[in-house]
Amino acid sequence: MKTTAFRTHLRTLLALGTLGYLAGVAGQAHAISSTYSFGSVTFDQALTPDRAKLLGNGETLGGVSFSPLLPNGTTSAIPNFPASSSGFNTALSLGDLTDLNTGLRGVNLPRGDNGSTTRHGIEVSWASGLGIFNGSGDDFVIFESASTQAGVEGMMVRVHIGGTENWSDWHYFATSEFGGTTGNEGLHIYKYDLSNFGLTESQGVDYIQFANLMPNDKAVDSSGQGRLAFDGSGFALNAGVLDGDGVYTGTTVYDPDPVYVASLQNLAVVPEPTSIALLIGGLGLFGCARRKRE
């Protein structure tokens, strides 16, 4: 579905009006716009989510029960990421954003690294009500630390749909790319197209949540990817071409270590559920309360 003329103009005005504001936002972790690459992915660190929180504490999110407590560990410092790291802001790594450690580090999911019995996750977002809209091709990626190319440890992901109170369903998509960092170690690159979460061109997201998989997670589709089912029905997850047999087996495949989330789309203001009405009524876009994120 194409964006309506009104929505297009509104998004443009909001984005333009925000540019000057962004430069002086206090507490922003972003550095001056700079482009970096790793594997086939090129990203601008100025578009990277700069807020994160840990998920757990017995919450139920999207119909899925998370375990008590929260993640509490990180990987060691990740070398050779991105390909050329001069000026790279390591404070935007997930280990640093979640206040678990400093520098370029991934978060150990779940706490205790036993995804057979425990589920934990991370939520990322952007300051100042910003987010990304569904664009052409992939919209964001998650870089995940791995001991070997074949050591695939997937994640389930969902996104908050801007302008609504709604989240997408939880989805799973396999990785097909690995980039080396040192020795046999490296990063799996998980690529996400918002269209695959059911979003149209006119829709944006302001929060992204991801968590470790568990053995009973299934895919609704026979491809083994896409929307997930948690009621025991569905199809075995497809671990992808990098995994030896394409099937998640054993007890060590459910403990991913996400390192970094990169946006592949420009940032724009993502409206609150009532922001359009408030704007028309002259009450101001930023006066509305933040949504619940459950």
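Four strands line up as an open, antiparallel sheet in the order 11-12-8-16. Strand 11 (178–182) and strand 16 (258–263) sit at the edges, each pairing on one side only. From one strand to the next, the twist averages 25°, with axes being lines fitted to C-alpha atoms and angles running from 0 to 180 degrees between N-to-C directions. This is a predicted model, so local features need pLDDT of at least 70 and side-chain atom pairs count only at pLDDT 80 or more, while totals for chains, interfaces and linings use all residues. Residues are numbered from 1 along each chain as its sequence is written, and side-chain values use heavy atoms, with hydrogens and water left out.

**Overall make-up**
- The protein comes to 3 helices and 17 strands; these are DSSP runs numbered from the N terminus (helices H or I, at least four residues; strands E, at least two).
- Of its 294 residues, 52% count as buried, where buried means under 20% relative accessible area, exposed over 50% and partly exposed in between (1.4 Å probe, protein chains only).
- Among contacts (heavy atoms within 4.5 Å) between residues at least 6 apart in sequence, 74% join residues at least 24 apart.

**Strand pairing**
- Two strands pair if DSSP finds at least two bridges between them.
- Strand 8 (residues 140–146) and strand 12 (residues 185–192) run antiparallel and share 7 bridges; Phe 143 has Ile 189 in strand 12 as its bridge partner.
- Strand 10 (residues 171–172) is joined by 2 bridges to strand 15 (residues 226–229), again antiparallel, and Tyr 172 stands opposite Gly 226.
- Strand 14 (residues 218–219) also runs antiparallel to strand 15, with 2 bridges, and there Lys 218 stands opposite Ala 229.
- The hairpin of strand 14 and strand 15 has 6 residues between the strands, and Gly 224 takes a positive phi near 80° in it.

**Nonpolar cores**
- A nonpolar core here is a set of buried Ala, Val, Leu, Ile, Met, Phe, Trp, Tyr and Cys residues joined through side-chain atoms within 4.5 Å.
- The largest one holds 49 residues, of which Phe 140, Ile 142, Tyr 192, Phe 210 and Tyr 248 touch the most other members.
- Elements giving two or more residues to this core include strand 8, strand 12 and strand 13 (204–212), but the largest share, 5 residues, comes from strand 9.
- Apart from this core lies another, of 17 residues, including Val 41, Leu 97, Val 141 and Phe 143.

**Tyr 207**
- Tyr 207 lies in strand 13 and counts as buried because its relative accessibility is 7%.
- Its C-alpha atom is separated by 9.4 Å from that of Ile 132, 75 residues apart along the chain.

**Second largest pocket**
- The volume is about 230 Å³, meaning the space filled by probe spheres set on grid points that are joined across faces, edges and corners.
- A pocket is an open set of points on a 1 Å grid over the protein atoms alone, with protein on both sides within 12 Å along at least five of seven lines; lining residues have an atom within 4 Å of a point.
- Of the 18 lining residues, Ser 145, Ala 146, Ser 147, Glu 185 and Asp 257 are the closest to its centre.
- Strand 8 and strand 12 each supply at least two residues of this lining, and strand 12 gives the most, with 3 residues.

How values were computed: On a 1 Å grid over the protein atoms alone, a cavity is a set of points where a 1.4 Å probe fits but cannot get out, and a pocket is an open set with protein on both sides within 12 Å along at least five of seven lines; lining residues have an atom within 4 Å of a point.
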